Amino acid sequence: MSKPAIVVENMSMMFNLNKEKVDNIKEYFIKLVTRKLHFTEFWALQDISFTVEKGERVGVLGFNGAGKSTLLKVIAGVLKPSKGSVKVNGVIAPMLELGAGFDMNYSGKENIYLYGATMGYSRKFIDEKYDEIVEFSELKDFIEVPVKNYSSGMRARLGFAIATAVEPEILILDEVLSVGDAKFRQKSEAKIRSMFDKGTTVLFVSHSTQQVLNICNKAIILDHGKLIAQGDAKEICAQYDRMVKGGK
Amino acid sequence: MKYLKNFYKYRYLLYEIVRKNIKLQYRNSVLGIFWTFLQPLLTTIILVIVFGGVFGGKRSGVVNYPIYLLCGRLIFEFFTQSTKRAMRSIRNSASVIKKVYVPKYIYPLSNIIANFVTFLISLTVLVCFMLYFYFFSNEPPHITPYILLSPIPILILLLVSIGVGLILSTLEVFFKDVEYLYEVFCTLLFYLTPIFYQVEQLGIKNEIFKMALMANPLYSITQMFRSCVLFGEMFNINHLLYSLAFGIVTVVIGLVAFYKKQDKFILHI
């Protein structure tokens, strides 16, 4: 039995919500001296534990503000948990927001290499994947154009093409399938499904239980920062649908 | 060990960002990379015209005033430009840092390295100056084997810049004021560093004030560099020890501060 892809143990994430943002020295010292540096603790995630085995596709369900994106950010390593631990075995391709690593003044071609490097891949490796990326993104005619002149759909297509072409072991999808036109959406769903055969682990955030059922075999529900249910995708989706209808 | 392994994994990113910074710096300008040597050339000409009469001339003993000035200016310009860019680098890369895990020190470091590359390119102006004055002037620079030691002050300069850059980039995330404060400080530093004058020429009587001037690591570095390329003599070993120690201390402080605070960066940018 190989090591699980993601192990989250008793993980909590706390933010300090200060009433005003203090970002200059004068204010900081005045408030420090007068003891007016108030913080309100806000626990975005509380005591979350779960394990994702290699090759599992886990859907993350929850209402707005339930902590879904925070959870993905912690797993992607962007945020450091306040308590507990997160262990990840394998290369992660985070698609929290497609095209986040792009430089607007850089052309599409240059951005492919930059984005690849952001995920830790060499120029040589991206060279091999280059044609595949361009073809999948359908941007052949625009590849020398600076990304700032791309439409948001084009940017998302390029980001998706790069992140999936490098065949990551773990794919984190944060509502990314809602971008692009229907045709591209179908194409990307097909691409993600083809990655399942290679044993890619997927974490998928969505509001649509239909999409989760299409893609995932397991699911979890987050509510106000707590993990309230985990298990088989079908059961969990049914439970989530009941929550939506019941208003709770 | 863990850090080295991580660095090794992200070496491509460092390379790509350095490349990007250099490429984008002069993109859309007609003369492009040519500006790296045109800019120091033109500003040096201006400074020579302005200060040459007062601080230059035979009595000053600087051998060749334009070269003296260019050495100082190149070093000063590299230091301020690279530290300023490193300072802003974290905030400028906020969109990436918020979405993807990358070792954050890559950003200040790559900005400094990119600047270092353009600095090395701009050294060709110095080479041109030296060749020109060596052959066509009655004040030729003293070119001796000591010129081979000139990489030493340059590497120390890089070390000091990395240290200061790391400290500033950490501070800037929490207090944006540092940006404006440092801008003012750089203006002060321009006059405190012997770029267009020699400390001896000022005739300062006050020992404390003189010590304060000499505590500036850029003073040691420019003096060492000039010893090698202009005066053709061995540099003062005290300058070497002082600037090297200063560099190591700032890098250590910078690394410790950066590592302690980097997990909080994302909450502030």
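I began with Ile133(A), which sits in helix 4 of chain A, residues 123-137. A note to myself before going on: this is a predicted model.

Is Ile133(A) buried or exposed? I got 0% relative accessibility, so Ile133(A) counts as buried, given that buried means under 20%. Next I looked up what Ile133(A) touches, skipping residues up to four places away in sequence. My list reads Ile112(A), Leu158(A), Ala161(A), Ile162(A) and Ala165(A). I also checked Val166(A), 33 residues from Ile133(A) along the chain. Their C-alpha atoms are 9.1 Å apart.

Then I turned to Arg157(A), in helix 5 of chain A, which covers residues 152-165. Arg157(A) is buried, yet I found no salt bridge for it. Which side chain of opposite charge is nearest to Arg157(A)? That is Glu138(A), 4.4 Å away, while a salt bridge needs the nitrogen within 4 Å of a carboxyl oxygen. Leaving out neighbours within four places in sequence, I noted Arg157(A) in contact with Ser137(A), Glu138(A), Leu139(A) and Phe184(A).

Last, I went over to chain B. Trp35(B) is in helix 3 of that chain, residues 35-55. Trp35(B) has 31% relative accessibility, so I put it down as partly exposed.

Conventions. Residues numbered from 1 in each chain as written. Chains lettered and ligands numbered in written order. Predicted model: local features only at pLDDT ≥ 70, side-chain atom pairs only at ≥ 80, totals over all residues. Heavy atoms only, no water. Helix = DSSP H or I, 4+ residues; strand = E, 2+ residues; numbered from the N terminus. Buried < 20%, exposed > 50% of the residue type's maximum accessible area, 1.4 Å probe, protein only. Lys, Arg positive; Asp, Glu negative; His and termini not counted. Contact = heavy atoms within 4.5 Å.
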